[in-house]
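Trainee: I would like to learn how to read helix packing and aromatic pairs in a model. Please take me through an example.

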Amino acid sequence: MPHILIVEDETIIRSALRRLLERNQYQVSEAGSVQEAQERFTIPTFDLIVSDLRLPGAPGTELIKLGQGTPVLIMTSYASLRSAVDSMKMGAVDYIAKPFDHDEMLQAVARILRDRQSAPAAGEATASKPAAGNGKASVDNSNGEIGIIGSCPPMQDLYSKIRKVAPTDSNVLIQGESGTGKELVARALHNLSKRAKAPMISVNCAAIPESLIESELFGHEKGAFTGASAGRAGLVEAADGGTLFLDEIGELPLEAQARLLRVLQEGEIRRVGSVQSQKVDVRLIAATHRDLKSLAKIGQFREDLYYRLHVIALKLPPLRERGADVNEIANAFLARQSARINRTDLKFATDAEQAIRHYSWPGNVRELENAVERAVILSESPEISADLLGIDIELSDLEDDEFIGLPPQTGGNASNSSHEPTEDLSLEDYFQHFVLEHQDHMTETELARKLGVSRKCLWERRQRLGIPRRKTGVASES
């Protein structure tokens, strides 16, 4: 079980974070300052240190040196975001803004611990074969150095483009629905570029208030606006020499778009309230789930900025278009969640695998991860059923040939009526035929399983087709 040290002087935040991590199967120790942490613990023995930046006495960045290689995740408020970026240059593995979302914190912790586990393997692979990528994963599959699961043709095409585009300094626009993993693509582009050793600064344009976005991105001078008591560098400046990833760039206000265009055209920024410009060397990667070209036509996005961003466009397919990848990703999530709660016996039942494959996943990978996590937590047996996933799959979600191909496996002595459906039989006809033929000797659960649907879907189809449940013939289900 990973052992995490929390260093935070505010008791309420420290206690809440401890409870969050312990609920997710992490061992946690805590301290209120760097000095207390030194006195109570041997700091390098921890797997991860989560520390506030501003602490009484020494700042949280002191733990980077004291940890002797232990990854340090810095927590900070937006007001001191510049200092957090500086802490990354000092060796912090990442930073997270307060107040943070629980899921965001858990994802950051899991990612850092996962990267730490793979680091030795990566080092060995790099030493013996520099172009191999990130260690063992690069041996196991062709996209290991990219860090994205999946091998369907659209993803293979995407991997090929990532490898071609990453070594360049061209701007990249990543398009795709919410939850498809656009930040993973951005991180792969950065990691495979010549800027990999420089910082990658990620900004969610939709998460920063519109009144602060220009100051956050481009910095400001003292007195530029009410409350600007000191000058401060912006995130674009902090990304100098590295990569700036702007997620949900379609939410960027028009004024900020004009400033960003200057960065792309001239390679320079001017802080809010300043008359001086300064040069920056930044590679821009942007992402959106919106149609920027359509927004440009109605004046909600600058057309000149759109064409500047659209030098290279990468399209991420939604999960429903990735075929068998969905099951591969689900199994990866299952392994991760199982390890978190120390369960090695969990696996998906057949009905769960079918549901995962045929559900449309409107929330994409993010929804799939949440569904698997919920199922693992609620599972009381080694086999995870479809019901535990909390999703519902309609018959219309199945391909005709897959559904018609289901053998009408029956019990009892029903073999005399189990003739195969013909090619002219529609899905609705086959459903009605199958239910009427087998409901006398099969429970609702068995009927749903044989049809490859949930019980809820079976009930809804009965209602629509006017097929009431039989009162006799089958023992009541417990």
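Mentor: This model is predicted. Begin with α11, whose buried residues pack against α9 (210-218), α10 (235-238), β8 (243-247), β9 (268-269), β11 (283-288) and α13 (303-309).

Trainee: Which residues of α11 are buried?

Mentor: A256, Q257, L260, L261, V263 and L264 are the buried residues of α11.

Trainee: Where do the buried residues of α11 fall, seen down its axis?

Mentor: An α-helix has 3.6 residues a turn, so residues three or four places apart point the same way. In α11 the buried residues lie within an arc of 155°, so they line one face of the helix.

Trainee: What span should helix α11 have?

Mentor: Helix α11 covers residues 254-266, and its 13 residues should span 18 Å at 1.5 Å a residue. The C-alpha atoms at its ends are 18 Å apart, which agrees. After α11 comes G267, with a positive phi near 65°.

Trainee: Now the aromatic rings. How many aromatic pairs does the structure hold?

Mentor: A pair of aromatic rings is described by the distance of the centres and the angle of the planes. The structure holds three aromatic pairs. One of them joins F41 and F46, edge-to-face, at 5.6 Å centre to centre with 85° between the planes. Both F41 and F46 are buried.

Trainee: Why is the pair of Y306 and Y307 edge-to-face?

Mentor: The planes of Y306 and Y307 stand at 65°, and over 60 degrees counts as edge-to-face. Their ring centres are 5.1 Å apart. Y306 is buried at 7% relative accessibility, whereas Y307 is partly exposed at 48%.

Definitions and conventions: Residues are numbered from 1 along each chain as its sequence is written. This is a predicted model: local features need pLDDT of at least 70, side-chain atom pairs count only at pLDDT 80 or more; totals for chains, interfaces and linings use all residues. Side-chain values use heavy atoms; hydrogens and water are left out. Rings of Phe, Tyr and Trp (its six-membered ring) pair if their centres lie within 6.5 Å; planes under 30 degrees apart count as stacked, over 60 as edge-to-face and the rest as tilted. Buried means under 20% relative accessible area, exposed over 50%, partly exposed in between (1.4 Å probe, protein chains only). Helices (H or I, at least four residues) and strands (E, at least two) are DSSP runs, numbered from the N terminus. The expected span of a helix is 1.5 Å times one less than its number of residues. The arc is that of the directions from the helix axis to the C-beta atoms. Contact means heavy atoms within 4.5 Å.
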